[in-house]
2 protein chains.
Amino acid sequence: MKIDRDAPVGVFDSGIGGLTVAREIMRNLPSEKIVYFGDTARVPYGSKSKETIVRYSRQIIHFLKEQQVKAIVIACNTASAFALDTVKAEQDIPVIGVIEAGAKVAASVTRNHRIGVIGTEGTIGSGIHAKYLKKLDPKITVIGRPCPLFVPLAEEGWTHDPVTTQVAERYLEDLKKENIDTLILGCTHYPLLRSTIAQVMGDGVRLVNPAYETALELGRLLKEKDMLSAGTIQEDFPYRFFVSDLADKFTGFANSILPYDVSMTKKIDIEKY
Amino acid sequence: MKIDRDAPVGVFDSGIGGLTVAREIMRNLPSEKIVYFGDTARVPYGSKSKETIVRYSRQIIHFLKEQQVKAIVIACNTASAFALDTVKAEQDIPVIGVIEAGAKVAASVTRNHRIGVIGTEGTIGSGIHAKYLKKLDPKITVIGRPCPLFVPLAEEGWTHDPVTTQVAERYLEDLKKENIDTLILGCTHYPLLRSTIAQVMGDGVRLVNPAYETALELGRLLKEKDMLSAGTIQEDFPYRFFVSDLADKFTGFANSILPYDVSMTKKIDIEKY
């Protein structure tokens, strides 16, 4: 296969949360083009079955490959948990997910082998982080805590707010008693609440942001396969955004968290793929 | 068409919020059987397009008609806003929605013709309450305010909580300055936060609970069409609950708000309808 180094990287999520991953790729791999797809018509994925999530992921990958992407980042915890292994085996281009990248770093930085994970009820209930972490190091103990209000608080833009601090204090109270030294932000929205979570957890706990780690992992992988962009892109804004529903709301959120003005988001019919 | 008066009433919602409507039907029409469907796999509806919501509503009505329902209550504001007119025209049994019922009462109780509406972003953005209210009385001014955190707060069970009071104070601040005398609880979860909302709004504002008004409207409609149950039902618990995903969580919530023990909730594949 001939590799086009200047082809875009495909990034997808169940909705808007994965933009935190796209943002880290923009920051850390500024030469790379991105095609982002947010499945806003079928969000959330957290309450759906594995079979459904695999089908959705295949449709999205089909769409992204039509956009000639050279690699795919699953910027969604649920899709990474349920579909990564299956779709990776079916593709001839690299596919990476956010859970693996976060777990790898958490396992490498913990000193006392006690790692906390926060996420949606679906992600925490699946126990997927524990599966990866224990494969990396069986001595690790994983303590999970769902934080259902964090996503709507982040989407309201209340990222630095006394209400959010009180909610975080309530959610993280038990976790603070568990003597963890590392905490994985196991939902793509949570990096937006990072400073509040850090303040509540205190200095003794290292926060792992899988969005950041995934961008670094993508860079390593592209380099290893000699697929890094040559950096000769002429476009001012080499990023394209697609959604399956309500493009306007997506655009508003994208503009609030990305350092660019996302003026055009295109709605596509993902069920056709 | 031969009417079976003892056939159940079909009630549906995007998830669990519509249980507040089912609860009012149980209280006010205790002779009626109910088949409830909560579309927990595809919740929330608020962020989805009209086209998508009409398609979902048709699938659910198809399912409910298989259960031989004699009438259908759309216990979801988004589906009432987007799909009621379309599906009503397609059906040979009565179909009512929560928005019409709430608007009628609000129009009749307001003295100063200034009515507030709170709901999800989808409901408020649609302007559907204003459409109904102005049809009833063109002198009415409608002031809407989306309150996106109220649903997750209600689902967390934080219905009487200092965090919820603070969120309500922030959301309702502008509305309090608008000199409204009537406020429609335009989302099925909001009756669960009724006492907090009432406390924040103060004595001068009458709260309209469309769940209660819909139950009364259903009673009037069934009576008018000579379709009220003859009251000869022998079952101890004439209510059946269906969901499209994660039946356990639904059952827990149902048990917390209904005056019955909902021991069995059945999961069905709504995409097949």
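How many salt bridges are there between chain A and chain B? The count is 2, and the views below take us to one of them and to its surroundings.

This is a predicted model, in which local features need pLDDT of at least 70, side-chain atom pairs count only at pLDDT 80 or more, and totals for chains, interfaces and linings use all residues. Residues are numbered from 1 along each chain as its sequence is written, chains are lettered from A and ligands numbered from 1 in the order in which they are written, and side-chain values use heavy atoms, with hydrogens and water left out.

**View 1. Two copies and their axis.** Two copies of a chain are related by a rotation about an axis and a shift along it. Here, chain A is superposed on chain B by a rotation of 178° with 1.0 Å of shift along the axis, with an RMSD of 0.5 Å (least squares on the C-alpha atoms of residues with pLDDT of at least 70 in both copies). The two copies are thus related as by a two-fold rotation axis. Look for A:Arg42: of the residues of chain A, its C-alpha comes closest to the rotation axis, at 3.2 Å.

**View 2. The surface between the chains.** Chain A gives 24 residues to the contact and chain B gives 25 residues, where contact means heavy atoms within 4.5 Å. About 2,100 Å² is buried between the chains, and carbon and sulfur atoms give 54% of this area (accessible area, 1.4 Å probe, that two parts lose on being put together, summed over both). A:Ser47, A:Leu149 and A:Arg170 supply 23% of the area that chain A buries against chain B, more than any other three residues.

View 3. The side chains of A:Arg170 and B:Asp161 meet in a salt bridge at 2.7 Å, N to O (a side-chain nitrogen of Lys or Arg within 4 Å of a carboxyl oxygen of Asp or Glu). Helix 8 of chain A gives 5 residues, the largest share of the side of chain A that touches chain B (helices are DSSP runs of H or I, at least four residues, and strands are runs of E, at least two, numbered from the N terminus).

**View 4. An open sheet in chain B.** Its 4 strands have the order 6-5-7-8, with parallel pairing (two strands pair if DSSP finds at least two bridges between them). Strand 6 (141–146) and strand 8 (206–208) of chain B stand at the edges, each with a single partner strand, so one side of each lacks a neighbour in the sheet. Strand 7 (residues 182–185) of chain B pairs with strand 8 over 3 bridges, and B:Leu183 stands opposite B:Leu207 in strand 8.
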